[in-house]
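Opening my notebook on a new structure. I'll jot down what I looked up, one entry at a time.

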Amino acid sequence: MKASSANNKVDLLNILLECSSSHQQRHLLQQYKSQIDRHLISKLKQIADQLESISEEPHDRDFFAVKKDDRQFTWAKIQHILGLIYRYHGKITSDNLEIAIDYYRKALTQFTFDIFPEDWATVQNDLGNAIRSRETGEKKKNIEQAIKHYKNALIVRQKGKYLQRWSDTQYNLGVAYAKLSNLEGNHWQDAITCFKNSLEDDSENNPILKAEIYNAIAVLYQDNKNENYSYNLEQAIEYHQQALEIYQQQRLIKQTASIYDGLGNAYRELSKTENQLKNNLELARQAYEKALQIYNRQDNPVDWAVCQHDLGLVLRELGRIQEAIDRFQLALEIFTPTAFPVECFRVAKNLGRLAFETELWKIAITGFELTVKALEVKQKRDSDQNYQDIDEQTILPFYTYLSEADIFDGQLPKAIETIERSRSRYLTELTAVHKHYESSNLPPKLEKALKQYEKIQEQIYKLQRQYQSRLSSDDDNISSQYRSSRKITREENQPPSLAKLKELEKDIKDLQAQRQEYYQELQFFDRVLAEQIEIPFNDLKQLQQLIKKPTKAILSFYSGLKTTYIFILRQDSIDCHECPNQSRQELQSWLTEQWYQPYLDNRYQREVWIEQMESKLTQLAQRLALEKLVDNHLQGLEELILVPHLLLHQIPFTALPLNNSHSPETSYFGDRFTLRLIPSYQILSFCQQRSILESSLVYGMVIDTQNNLEGADLEGNLISWLHQIPSNFCLEGKQATIEKLRYLLQQEKIQGLLSSHHACFNSENPLESSLELSNGQKITLRDLLTLNWRMPELHEVFLSCCETGLGLPISTNTDDVLTLAGGFLCSGARTVISSLWVVEDGTTTLLSFFYHLARRDGLSRAEALKKAQQRLRGLSETDLVEAKNKRKEARRAMESANSQGNREATEFYQQEHRMWNIFVTLLRQFIRDSRSYPISHPFYWSAFTCQGL
């Protein structure tokens, strides 16, 4: 029967039902697609419904007559036809595909293997095609399900009897295995076998399909980089050439160019595996050039640009450097950062690296500028941080290349601007978001997510508290060593129930998983908003405006590929100090092995680390050529703003030693200069944009939240006396809850905060570093980075706790060092005083007292910390005697006022006497022997740093 007899819908339906293969049915549907409309589909469904009815005969015999015995078969046939219509007719959508799958499955309820094997196999094949094309659901499961249906079809469609249908299903199975191989990498041979099987049928004489199969086999061989990769590439070349011959015969120009491109790739890969390097590179070059004779920029811009890049790679290996550069530059005329960020990244990085290696600095700068721009564009577009084409962590090395190319090209200002763009990008974005919402209401969706996040966080705290309370204190030595520090310790209780512990662990993990979902939602919102805000990065002139006095300068540290640079930025000049032989690898490895890791290893046996501290700081000062830096670049300066890099964030710069050639009073770097630290210029700019009060701050305190730190309790009394802090602004013990602290910060709008209690740095997950409050509550760094903690009124924070300034980069390739101090800067604070290690309870109390005393006397925060550190390390018997005398003076004044009946003066001097008595008590803890300066070791006085203003 000829298809031309289908003059109307009834004829078309008859023809479709009489077709022996779904391939013929698909051809008819395509040929007569104008006749396929809702009426035909409705009529097919109506007939199917009639065939399912109980009546003996269909109602509409004029439309289509079906014998009673054929109803089952015809109903299934109609289901299959409906599936084909939805699968191949009109626009293919996910909904239509799912409808088609449903019809195919209905057909299989009647087309069974036992009764209608051929039709069963046909529908199995078509169902496999539909499921393989699914975009919904898990890809792997869809493909595996499709393979199962193809294998079912092959039970019937055997080679001997049904060669053409067997070949068709083999091809479909090959496509499915190829897709599965892309996901898993272990089914490529199955795919090749199926494709080769499909070539055995030549009955349709379809050369183009054969060429496509040859090409598919070639790609599979080429992509499989196993131990036989050379053989695979040779096979790929052979199949490419067979496909090429067909395409040339058929005069298919674009396909011919594509095969030449594939041959070029195969020869280029083969050159990496065989001794005949140059010969294969030449063959690759010839193949790419033949492809470019066909591709043209106007009609095939993307293919043309890809081929230009690939040819550039070959020319680079052949040593034809300028030609390679030319090809890369041609490709970049198409692959711009905004239009093609992924492709631009790949081409530009190769251009930059080639120019960098050959010291063509200006070309290298161009290449790496495009690389960085492409990464930034990609990062902006993928604001959910789900990078599939480019790993987000690759961005920092290219900033390094770019900044060093700037330096080698003599462009120091540009190098500093580049480095600034790379610093603390995550923290900068979050700070911008907090700034945006300083005084405005949050969107309802965001506010709801924040509330859910905090609710789950509170549940986690409670469970963690239960968990900790059930742990036994097996390490009595460890616990006892921390009773005099402000680091979290285990509580001593009865041995735990293992079953209960496991149950609590599971509950905590489940809640943490829920919390992470909300946190990711908050991160997504922050990231999108930050990109909408369009944070501008400062140029050199703007950076210099951050320096308010000629006696101040910014020192920016940066570990490059071959050396570490220290840029000295003054109001009107810029200079660069190099640290010889201190590459990023060298310096950062030394810091890890000699400073950071020993600290972690000896947190419980601090004597070992303390004993080595001075020696390590001396070695670091030598590595940084500190004496030369001071003599050649820092003359006339009084205050330095330090911007560390990577693990230099963990170093107490104030304790780096200087020799005595300057003066006996300047034996340390922190003696010669007043120091403060900042994560980046951008954060400093944010801090300076906030309103600033230098004195008369409204203070609040959070003190000894777990009632086990004697020094913290004494510290609270001393600071409360100095600043006359009202009792309702002092949260102590059980009163120190999250709710009450947030009320102080956001409702009472306190401007200065002393936080003196336990804290801990989490080296495995810095976001879980925390300040411990009462009743198992805590404030983690993760919390501080959310908008729940907006503190625009907060000027000054003194974190009189352990490890609040200690942090790690969020990855090995980024300078985002996450610390609790940074969290407070992000939330709105202008200045944060924080610690770099586990600090002693008593000496921390003394340092805090000296600092706040200096602040009351009018010194700036950085100056107050400097004076406090100097005073602490210089404590001696003389200070104890002086403190005792002041205590006596206060007592005499109190007694005199009391005898005169002056109640107000009596209370004042009574409080002053109490404070000096506390001070004497503290001093006696350390001044017990004949040592002139018993706590002069840097461990006691140099842990605290001033970050911000």
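I began with Ala759, which stands opposite Leu771 in β10. Strands here are DSSP runs of E, at least two residues long, and helices are runs of H or I, at least four, both numbered from the N terminus. β9 and β10 (residues 770-772) run antiparallel and are joined by 2 bridges; two strands pair if DSSP finds at least two bridges between them. I then looked at the sheet they belong to: an open one of 3 strands, ordered β9-β10-β11, with antiparallel pairing.

**Entry: what I am looking at**

I noted that this is a predicted model, where local features need pLDDT of at least 70 and side-chain atom pairs count only at pLDDT 80 or more, while totals for chains, interfaces and linings use all residues. Residues are numbered from 1 along each chain as its sequence is written, and side-chain values use heavy atoms, with hydrogens and water left out.

I looked up the totals next. The protein has 38 helices and 16 strands. Of its 949 residues, 56% are buried, that is, under 20% relative accessible area with a 1.4 Å probe and protein chains only; exposed is over 50%, and partly exposed is in between. I also checked contacts (heavy atoms within 4.5 Å): among those between residues at least 6 apart in sequence, 72% join residues at least 24 apart.

**Entry: strand β1**

Is β1 buried or exposed? I found that 8 of the 8 residues of β1 (residues 552-559) are buried, so the strand is largely enclosed by the rest of the structure. Lys552, Ile554, Ser556 and Tyr558 point one way, Ala553, Leu555, Phe557 and Ser559 the other, and all are buried.

Which strands does β1 pair with? It runs parallel to β4 (residues 639-643), joined by 5 bridges, and Leu555 stands opposite Leu642 there. With β2 (residues 564-569) the pairing is antiparallel, over 6 bridges, and Ser559 stands opposite Thr564. A hairpin of 4 residues links β1 to β2.

**Entry: two helix pairs**

I looked up α34 (residues 841-856) and α37 (residues 903-926): they pack at about 135°, with axes 10 Å apart. Axes are lines fitted to C-alpha atoms, for helices over the stretch in contact, and angles run from 0 to 180 degrees between N-to-C directions. The two helices are therefore oblique to each other. For that label, under 35 degrees is roughly parallel, over 145 roughly antiparallel, 65 to 115 roughly perpendicular, and the rest oblique. Residues making the contact include Phe849 and Phe850 of α34 and Phe919 and Phe926 of α37.

**Entry: Glu200**

Last, I checked Glu200, in the loop between α9 (188-198) and α10 (207-223). At 40% relative accessibility, Glu200 counts as partly exposed. Glu200 and Gln164 are 36 residues apart in sequence and 8.9 Å apart in space, C-alpha to C-alpha. Leaving aside neighbours within four places in sequence, Glu200 is in contact with Lys159, Leu163 and Trp166.
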